[in-house]
Protein chains: 4
Amino acid sequence: MTQPTSRWWGGSALRGDSARLEAFSDGVLAIAVTLLILDVRVEPAEGESLAHALHSSLPQIGAYAASFLQIGIIWANHHALFRLVEQVDQILLLENLLLLASVSFLPLPTGLVAEHTTGADGRTAALLYGATLTVSAVAFNLIWRRVTRHGLMVSGVSPEFVRDVDVRYLAGLVGYTVATVLALVAPALTIIVASLLALMFVLGPSPRQAIAQPG
Amino acid sequence: MTQPTSRWWGGSALRGDSARLEAFSDGVLAIAVTLLILDVRVEPAEGESLAHALHSSLPQIGAYAASFLQIGIIWANHHALFRLVEQVDQILLLENLLLLASVSFLPLPTGLVAEHTTGADGRTAALLYGATLTVSAVAFNLIWRRVTRHGLMVSGVSPEFVRDVDVRYLAGLVGYTVATVLALVAPALTIIVASLLALMFVLGPSPRQAIAQPG
Amino acid sequence: MTQPTSRWWGGSALRGDSARLEAFSDGVLAIAVTLLILDVRVEPAEGESLAHALHSSLPQIGAYAASFLQIGIIWANHHALFRLVEQVDQILLLENLLLLASVSFLPLPTGLVAEHTTGADGRTAALLYGATLTVSAVAFNLIWRRVTRHGLMVSGVSPEFVRDVDVRYLAGLVGYTVATVLALVAPALTIIVASLLALMFVLGPSPRQAIAQPG
Amino acid sequence: MTQPTSRWWGGSALRGDSARLEAFSDGVLAIAVTLLILDVRVEPAEGESLAHALHSSLPQIGAYAASFLQIGIIWANHHALFRLVEQVDQILLLENLLLLASVSFLPLPTGLVAEHTTGADGRTAALLYGATLTVSAVAFNLIWRRVTRHGLMVSGVSPEFVRDVDVRYLAGLVGYTVATVLALVAPALTIIVASLLALMFVLGPSPRQAIAQPG
């Protein structure tokens, strides 16, 4: 491992930095995912039955489920990545804040895609939804590059593994960009493609073994 | 213990996976339980006394208490289950997300059962409330099956204990399903039966000793 | 130490139980304290200056500060108490849920005492505010009794210390009950006395040394 | 290290105190940062396009980003500081509550600076925003003084390092005070200068090595 260039307060970045950064990130992700439900409102109009009002809320509930999945997968991804982080420096800290900002911003476009499903407003909402997830993908790429290219990674990770994850993250970025652009064809496509991408990240093949012998 | 089939990022799933999954789940459960109060609104109408308005809010406060109990017990249950988890794989991760989704969805039906207590709307609300808890019970059964049938459990757990918990979880699923269907008889029954089920899970007999000799 | 009667899932309650119970409680307390600000709304009426609207919001901001203090002290108290807990059983779990329920309920009466400061409604609001804190004090007494009287405490705690804390907690319960009843004299008294009680708990004399030799 | 004067419950303050104080603080900071988005509302008026409504929300989104940055940096700062804390006493606890109160209060002025950007109301909002951050800076100075002057710090920290951080924290306090006063010149200046200050704290030079030989 190359010598870390960390300039974190007091110099020597410790493993503990990563632990508390993970705890803070877990908190933000857990809260963002739980706040999503606050935007689902079921209020029957005068004379409307609750069953009918619930039926009208299906787009909101669908958007809730899609964003819940996205944030859940982002959490899992964040967790897998930071298992490989030995040290944290200030740039990594800011890049992680960018990731957290994009995730905690997600309730806003989630509400918008639920309310605006067609026409120009539907496209605007889906573009913003896709762009927010694309910023998350950019942040993951920045974090991964920082960790692997500036000696912040635990030792013993094989170069093949790093290349596998390089490809994986770039593919994610391309995928979310495509999903965003698809909003121009049909707003629903953005949400469907983004959800499939998220599921693929969990259920698809893992990168090759990260660490030859876990220490 | 059979060989784990975990394909979690980088292969070898570690105990640490379970620790961070528990931390994230604790966060979501703690937030969901605390957000419940946001749906209790006490706003006296013009000329109405606050005491009278509070009295009118009793159904909301009762629904708040019932859901607080449910999520509290789900947390305790989650905690007890994951003490026995050695490793986490992607399927388990998704099943856990399903559990968290059902819990963080609960504030919605909680608000609905408080507002709609009689007639067709009362039935609809109680059905949704019961169905949400039933999904939680399904998720617990899926998680337990995954953990015990795919070698993700700590070693040393007796087969008798596993069978005890199998029965317990199936009984919970049947119980919550019955509570849901009872909404068709009377909406309040769903909430009462579900609350009794939750209390039984805490105060009833424990399964037999899990681990002969804790390591 | 007497033999624990814990019947927690799988029998042998472990120190880890307390750790995760603390983590969940920390989560609920942190969220409850942070949600308080959501009830402070500053919306200038037509033609009103923001400075004037802020001035009108001072009761809300005062109530926010008072409840922030209460929950902060409850957290500190909870933390000090659970440092002495070796094991958790189901009764303790339910008693802890009662404490968390009272704390997460606090935003509701906090909003009410800010809105209703005089007359019968002011009394009702202050009574509910005081009663909620009194329930917290009851829960602390129940938890302390369970921990000390049912062998759930770490070993090595002196009987003098236990008696000191017995007195301390009973005094707290009496104090909050008096603060509640003072609502009938003047609503503001409840909040002032309750805040002084909380500060006394932090700044007043500590109980005598808990553990002769920390192990 | 001088003898600690901690009077924390049961006397001997332990390292664990700091750990749980950090966990609680992480929770409050994570929630405060995530709640910010709740104040960003994008609701097109009758006949207005969503794109236009989003454009009108840019001040809100900018205020969101600025406060997200502030809280993120406060978290990082808190984390760096508490790595050096060996023990916690009651005064430190209250000072930490003051810090958390100022942070969890921040969503209120954040919403106000987004809504009121010009004239007397713009000045009022920016003054409150700046004052809230100045209170955070005061709290950091109090905490740092308590830790370093009352023997609560880990051993082995060099006096040069303590002086470096003394200067750094005083500079921060002066900086935020200046940013607050600049509200009288132009409201936007407060937010711009405060954001630059926050970035400087992360990206600027670190204080000299804290601990000669980490133990």
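**Helix H4 of chain C**

Reply: The buried residues of H4(C) are C:Leu92, C:Leu93, C:Glu95, C:Asn96, C:Leu97, C:Leu99, C:Leu100, C:Ala101, C:Ser102, C:Val103, C:Ser104 and C:Phe105. Buried means that 20 or more other C-beta atoms, placed from the backbone, lie within 10 Å of the residue's own; 12 or fewer is exposed, and in between is partly exposed.

Me: Before we go on, what am I looking at, and how is it numbered?
Reply: It is a predicted model: local features need pLDDT of at least 70, side-chain atom pairs count only at pLDDT 80 or more, and totals for chains, interfaces and linings use all residues. Residues are numbered from 1 along each chain as its sequence is written, while chains are lettered from A and ligands numbered from 1 in the order in which they are written.

Me: Back to H4(C). How many of its residues are buried?
Reply: 12 of 16, so H4(C) is mostly covered. Helix H4 of chain C runs over residues 90–105 and reaches 22 Å from first C-alpha to last. That is close to the expected 22 Å, taken as 1.5 Å times one less than the number of residues.

Me: What's in chain A?
Reply: Eight helices and zero strands. Both are DSSP runs, numbered from the N terminus: helices are H or I with at least four residues, strands are E with at least two. Of the 215 residues of chain A, 53% count as buried.

Me: Switching to chain D. At what angle do H3(D) and H8(D) cross?
Reply: Roughly 30°, with the axes within 10 Å. H3 covers residues 58–82 and H8 covers 187–203. Axes are lines fitted to C-alpha atoms, for helices over the stretch in contact, and angles run from 0 to 180 degrees between N-to-C directions.

Me: Which residues make that contact?
Reply: Among them are D:Leu69 and D:Ile73 of H3(D), and D:Ile191 and D:Phe201 of H8(D). Contact means C-beta atoms, placed from the backbone, within 7 Å.

Me: And H3(D) with H5(D)?
Reply: Those axes come within 8 Å and cross at roughly 145°. H5 of chain D is residues 107–115. The contact is made by D:Pro59, D:Gln60, D:Ala63 and D:Ser67 of H3(D) and D:Thr110, D:Val113 and D:Ala114 of H5(D).

Me: Last one. What does D:Leu29 touch?
Reply: Neighbours within four places in sequence aside, D:Leu29 contacts A:Phe24, D:Ile71, D:Ile74, D:Trp75 and D:Val103.

Note on methods: Two residues are in contact if their C-beta atoms, placed from the backbone, lie within 7 Å.
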